[in-house]
Amino acid sequence: MTKKYHIGQKEERHLYNTCQWAWEMIGTVEDYRQLSDYVIDRIKEHQSLQTHSVLHLGCGSGCMDFHMKKHVAITGVDLSENMLRSAAKKNPECEYILGDMRELCIDNRFDAVIIPESIDYMRTEEEIVNVFTNAKNMLKQDGLLLVVVGYDPEFFPQNRTTVDQVDDKHTELTFIENNYAPDPDGNYFEATFVFLARQAGRLKTIIDIHTLGLFDRETWAGQMKKAGFDVRLIQDPGLEAIEQKGSFLLVGKNL
Ligand SMILES: C[S@@+](CC[C@H](N)C(=O)[O-])C[C@H]1O[C@@H](n2cnc3c(N)ncnc32)[C@H](O)[C@@H]1O
């Protein structure tokens with residue numbers, strides 16, 4: 001992996017790396033069933049090709065792949081080795097590649113490329129267009145790019161805090177998430193995660209701050225068009241019910 005894009009000290013993203021064990025507790029296969037079915041249905045709805053091969057960018061620990069692999073052959077890509085290790089364990093029949101979607105280019109051509117829950121990590125318009133251009137280069141002619149954008153500035157849940165509590169044999173985990181956009185004119189927000197993990201009676205506290213991009217719909221659609229796609233932007237209450245208010249779908253056809 002090259003170091004072209006700097007992930008600063010504030011952005012070690014413990015959740016996907018040193019604290020990946022916490023992700024295993026809060027991001028389960030069952031939690032991802034609905035989004036997986038939704039993505040497969042939208043591919044069927046919008047795809048003109050028969051879809052056999054799908055490239056999943058930002059595949060994480062393979063929770064969605066676990067469901068989607070019943071319908072299509074999956075190749076997953078992620079920045080985090082720990083997430084990929086977990087994905088490969090869940091889905092030995094899928095292929096996994098360590099890589100950065102902003103720079104990735106592999107020789108294969110896929111029927112569809114999907115980015116269901118990670119595109120919000122793009123911080124600049126240049127990063128967005130690079131991801132979409134790379135996706136185009138890995139798609140067959142008439143292939144489909146399907147992107148779920150999680151956050152829209154108009155509906156941003158400023159200062160929303162959620163709390164989850166889960167436990168397994170070894171750990172009682174309280175997981176707090178806060179979303180906050182510090183600059184009203186800025187194209188970014190912070191997702192702050194606090195983990196309170198009690199193991200064998202001892203409390204461990206971890207704070208993890210992720211910085212994510214926040215762009216309006218026209219910017220997303222414009223960057224996809226610039227990368228050479230015929231673009232449809234779809235606002236769907238069905239998707240909002242699975243993700244959150246303001247999330248939307250971008251569907252690009254590789255011209
Ligand atoms: C919320 S998780 C996705 C979970 C996934 N949908 C699943 O089925 O388990 C977001 C993932 O995006 C990955 N990610 C963020 N930026 C990335 C990039 N530039 N290239 C590749 N993966 C990236 C993170 O490492 C993380 O695993």
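Aspartate 142 lies in strand β5, which covers residues 139-149. In this predicted model, its phi is near 70 degrees, a positive value in a residue other than glycine. Most residues other than glycine have a negative phi. Aspartate 142 has 13 other C-beta atoms within 10 Å and therefore counts as partly exposed, since a residue is called exposed if 12 or fewer such atoms lie within that distance and buried if there are 20 or more.

Asparagine 159 also has a positive phi, near 65 degrees, and is likewise a residue other than glycine. Its place is in the loop between β5 and β6. Is asparagine 159 buried or exposed? Asparagine 159 is exposed, because 9 other C-beta atoms lie within 10 Å, and the limit for this class is 12 or fewer.

## The sheet of seven strands

Strand β5, which holds aspartate 142, belongs to an open sheet of seven strands. The order of the strands is β3-β2-β1-β4-β5-β11-β10, and their pairing is mixed. At the edges stand β3 (95-98) and β10 (229-234); each has a single partner strand, so one side of each is left without a neighbour in the sheet. From one strand to the next, the twist averages 15 degrees.

Within this sheet, β5 pairs with strand β11 (residues 248-254) in the antiparallel sense, over six bridges. Valine 147 has leucine 250 in β11 as its bridge partner. Two helices that pack on the sheet may be described here. Helix α4 (residues 81-90) touches β2 and β3, and its direction makes about 175 degrees with that of β3. Helix α5 (residues 125-137) touches β4 (110-115), β5, β10 and β11, and its direction makes about 145 degrees with that of β5.

## The sheet of four strands

Another open sheet has four strands in the order β6-β7-β8-β9, with antiparallel pairing. Which strands stand at its edges? They are β6 (160-167) and β9 (202-213); each has a single partner strand, so one side of each has no neighbour in the sheet. The twist from one strand to the next averages 15 degrees.

Strands β6 and β7 (residues 171-180) run antiparallel and are joined by eight bridges. An example of a bridge pair is aspartate 167 with glutamate 172, the latter in β7.

## The surroundings of the ligand

The ligand has 22 residues around it, and those that come nearest are Gly58, Gly60, Cys63, Met64 and Ser118. Helix α3 (63-68) and strand β2 (73-78) each supply at least two residues of this shell.

## The chain as a whole

The secondary structure of the chain comes to seven helices and eleven strands. Of its 255 residues, 39% count as buried. Among contacts between residues at least 6 apart in sequence, 66% join residues at least 24 apart.

How does the radius of gyration of the chain stand beside that of a compact globule, and what is its value? For 255 residues, a compact globule would have a radius of gyration near 18 Å; the chain has 18 Å, so the two agree. Taken along the principal axes, the C-alpha atoms of the chain fill a box of roughly 60 × 45 × 40 Å.

Terms used:
Residues are numbered from 1 along each chain as its sequence is written. This is a predicted model: local features need pLDDT of at least 70, side-chain atom pairs count only at pLDDT 80 or more; totals for chains, interfaces and linings use all residues. A residue is near a molecule or strand if its C-beta atom, placed from the backbone, lies within 6 Å of it. Two strands pair if DSSP finds at least two bridges between them. Axes are lines fitted to C-alpha atoms, for helices over the stretch in contact, and angles run from 0 to 180 degrees between N-to-C directions. The radius of gyration is taken over C-alpha atoms; the globule rule is 2.2 Å times the number of residues to the power 0.38. Two residues are in contact if their C-beta atoms, placed from the backbone, lie within 7 Å.
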